[in-house]
Amino acid sequence: MTVIVKKTTQLIAGIVFLYGIYIILHGHLSPGGGFAGGVIVAGSFILLILAYGSDFLNLVKEERGSTTYENLAILVFLFLALTGMVAGAGIFFANWLPHGTPGELVSAGFLPLYNIFVGIEVAASILTIFLALIIFKEEVLK
Amino acid sequence: MMNPLIPLFVAVPLAGAFLTMILSRFITAIPRYMALAVLLFLTFISFWSLITGGDGSSVYTLGGWEPVEGVPIGLYLIHDGFSALLLCLISLVGLMSVTYSVSYMARYTSENYFYSLFCLMIAGMNGVVLSGDIFNIYVFLELSAISSYALVAFGVEKNELEATLKYQVLGVVASLMILFAIGFIYWSARTLNIADIRTVFSAGYDNSYYLLIQILLLTGFGLKAAMIPFHAWLPDAHSSAPSPISAMLSGVLIKAVGIYVIIRLFFNMFEVTEGMSIVITTLGALSMVVGVFLAIGQWDIKRLLAYHSISQMGYVVMSVGIGMILMARGIRSEVAALAITGGIFHMLNHAAFKGLLFLNAGAIEYSVGTRDLREMGGLAKGMPVTSATSLAASLSISGIPPFNGFFSKLIIIVAAVMGRFYFLALLAVVVSIITLASFMKFQRYAFHNVEPGKIRNDIKEVPAPMLLSMITLAVICLLLSLLALPGLRETVLSPATDILMDQFKYSSQITGM
């Protein structure tokens, strides 16, 4: 890509990334949440890869990393859901943390935590799918 | 009473799948042991829940969201007589398939992906069976379907990829129809909870709209269950998959995501109407007859078995349909109960013997390296255990006493005669005879037919884990026939029939009305 595209992407990618994090963190207060925010976060990475080309990264290693994040995020999510079975009401997915004041950033008990891990999961899996497609294309070209 | 183990049916296989992917980075042998441990645990808790559950059902409210004024607002997992049986089936056949895979999958690469997808498929099926919410059924259905697309293509050869493409296209069409139907339901009923939909619709509905939803759902889940006009994907997909996966697909998947959901929705969500029950019975009878005629000409063992799956599922659907017709007419409810019991019993039996037959086919492929019956012959000498277990399974599927298939087919035929469906009873008998003929062909060409000059002395019996799972399933084939005994039938099969027959029991346990 040209210098213009590269420079613009450099400037934009960080803002897109931050916006994704904002959407994830405010998931329990405003529209959006883990899934929507995760897609935006993945979008910032994909933008960088598109602008700088795939030879810039060691794609296979990158894909292993994103798969690990994906698996870990799901496991943490399951673990959080399972804590409900031992603590509090003893029910799967029980929201046993203090709920706080509605409308504040730190409130609603488990919901922000679920949103954060869903965000990591979605971002990592969309990046993994994208990387897998590039890797597949390069293998075919070989 | 709330059974605290219910969410573990979904949570444990999910955790197993993702732990497998992480831990296999460090220890290469972990995937198979992880899958074995998960399936052993599931088998244990499913049988424990079946035994302690009795004839009552247990409703699990996720997150503790209790219904407000009789309107359910949370997600529910429901463990009743019918889903308990399916859970036992899934875990048991799954356990046998994993045991078998330990040796069978050694010739493939990427073991971690195989066991991880396997656990995901189990989680999806358990979710479908337990869910009390129609959208959750859709989500779990997609989970199991997508992992099964990947598993069918696991060999990554030309015919596997072709089969999985066909499977995916038809699977997506089915999912689309189901999603449309769910959308229509939500539009008119403003709820997605199966029990609540029942309550809303029982207050009155637009008849043509109701019929559209029913037809969309029947087509969608009929595609998943491979009923006859929708069967095109099944023979390819089930024969191209690795054999333990074929056993899972044919033995469990088409029941859990197809037949189970059809039965559950058409008994517990929709009102049983005569028109719809005649359609279902016709589909069942058609599958039963056409499936067996398509099967008898096949020379590829796994294709032959796959077509027989269509035919045997036809028995289940036809029998349940007879029960529905009698229920809709409001006559002879004890015959209706008998027909439904026969259908459910045949579903359990089919999982055992068809799982075993696919494992046998895999064992033959493992040792001989071909699936074509014409290239085999005289294998009984080299592979005595495979030969004996496949004989047991063949006798079961053809309905020879004392194997389990005999008793369930007997119940189905007796119920059809008592309900005065003489033609359907005759069809069931004829199809059973043709089934026997095609399995005699299988036995003869694979194991006994020794042509001079073609005697193969180099054939060896398969490794011990494969033998273990085949022998266990053969024993289960024999033991399941005990369920026909009066005492056991009442404790195991009757709770399932009761929850289907009783018009209000299912919905009242959730809405409390």
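Angles under 35 degrees count as roughly parallel, over 145 as roughly antiparallel, 65 to 115 as roughly perpendicular and the rest as oblique. The structure is a predicted model, in which local features need pLDDT of at least 70 and side-chain atom pairs count only at pLDDT 80 or more, while totals for chains, interfaces and linings use all residues. Residues are numbered from 1 along each chain as its sequence is written, and chains are lettered from A and ligands numbered from 1 in the order in which they are written.

Chain B contains 21 helices and two strands (DSSP runs numbered from the N terminus, H or I of at least four residues for helices and E of at least two for strands). Of its 513 residues, 58% are buried (20 or more other C-beta atoms within 10 Å of the residue's own, C-beta atoms being placed from the backbone). The C-alpha trace of chain B spans about 75 × 60 × 45 Å along its principal axes.

In chain B, helix H15 (residues 384–398) packs against helix H18 (residues 464–480) at an angle of about 30°, and their axes are 10 Å apart (axes are lines fitted to C-alpha atoms over the stretch in contact, and angles run from 0 to 180 degrees between N-to-C directions). H15(B) and H18(B) are therefore roughly parallel to each other. H15(B) contributes residues including Val385(B), Thr389(B) and Ser396(B) to the contact, and H18(B) residues including Leu467(B), Met470(B) and Cys477(B) (contact requires C-beta atoms, placed from the backbone, within 7 Å).

Between the chains, 14 residues of chain A are in contact with 11 residues of chain B.

Notes. Contact = placed C-beta atoms within 7 Å. Buried ≥ 20, exposed ≤ 12 C-beta atoms within 10 Å, placed from the backbone.
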